[in-house]
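Hi,

Here is the model I promised to pass on.

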Amino acid sequence: MRVIEVRSGHGLMRIPYDEKLIGNPATEVIHGGVITAFLDTLCGLAVRASVPAGTAIATLDLRIDYLRPAVPRADILGSAECYKVTRTIAFVRGIAYQETFRDPVANCAGTFMLGAASFTAEGSRQRNSPT
């Protein structure tokens, strides 16, 4: 996975095609689990770009609709937007696509918990407080 762009509340990433990511050798289509991990990471990136630095986040819910198989031997692009942030929850939506975002491979909607318990670089447990 490669980050292409991050700006306030938005993220854009790419998965370069790789034979190791194939789910079914007969079709050469990227495995659905790869798309799931990609959208979860991408949505987390959009949330990170919406909250103060150092705020711990965790995926609470991620609903993914698979709309069509990915075209074999082609990269997957993704875009996500964090459209609402409360004191404890961030709401995000995203899409995975290939040539155009108007023909998505999958779309998603998710919620992320903010201020979850985290660990510092020194390894001590702390509680982050979102602002």
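A quick definition before the sheet: two strands count as paired if DSSP finds at least two bridges between them. Strands themselves are DSSP runs of E with at least two residues, helices are runs of H or I with at least four, and both are numbered from the N terminus. With that in hand, strand 7 and strand 8 run antiparallel and are joined by eight bridges.

Two housekeeping points. This is a predicted model, where local features need pLDDT of at least 70 and side-chain atom pairs count only at pLDDT 80 or more, while totals for chains, interfaces and linings use all residues. Residues are numbered from 1 along each chain as its sequence is written, and side-chain values use heavy atoms, with hydrogens and water left out.

**The chain overall**

The protein chain has ten strands and one helix, in the pattern β-β-β-β-α-β-β-β-β-β-β along the sequence. Of its 131 residues, 36% are buried (under 20% relative accessible area, with exposed meaning over 50% and partly exposed in between; 1.4 Å probe, protein chains only).

Six strands make up an open, antiparallel sheet, ordered 1-2-6-7-8-5. Its edges are strand 1 (2–7) and strand 5 (57–66), each of which pairs on one side only. On average, neighbouring strands are turned by 20° against each other, direction ignored.

Going into the pairings, strand 1 and strand 2 (residues 10–15) are antiparallel with five bridges, and Arg7 has His10 in strand 2 as its bridge partner. Strand 6 connects to strand 7 by a hairpin of three residues, and these two pair antiparallel over eight bridges. Ala90 is a handy landmark: Val85 stands opposite Ala90 of strand 7, and Ala90 also stands opposite Phe112 in strand 8.

What does helix 1 lie across? Helix 1 lies across strand 1, strand 2, strand 5, strand 6 (76–85), strand 7 (89–97) and strand 8 (106–114), and runs at about 130° to strand 5. That angle is between N-to-C directions on a 0 to 180 degrees range, with axes fitted to C-alpha atoms, for helices over the stretch in contact (heavy atoms within 4.5 Å).

Thr41 sits in this helix, which covers residues 32–48. Thr41 counts as partly exposed because its relative accessibility is 38%. Beyond neighbours within four places in sequence, Thr41 is in contact with Met1 and Met13. Met13 is 28 residues from Thr41 in sequence, with the C-alpha atoms 9.3 Å apart in space.

Cheers
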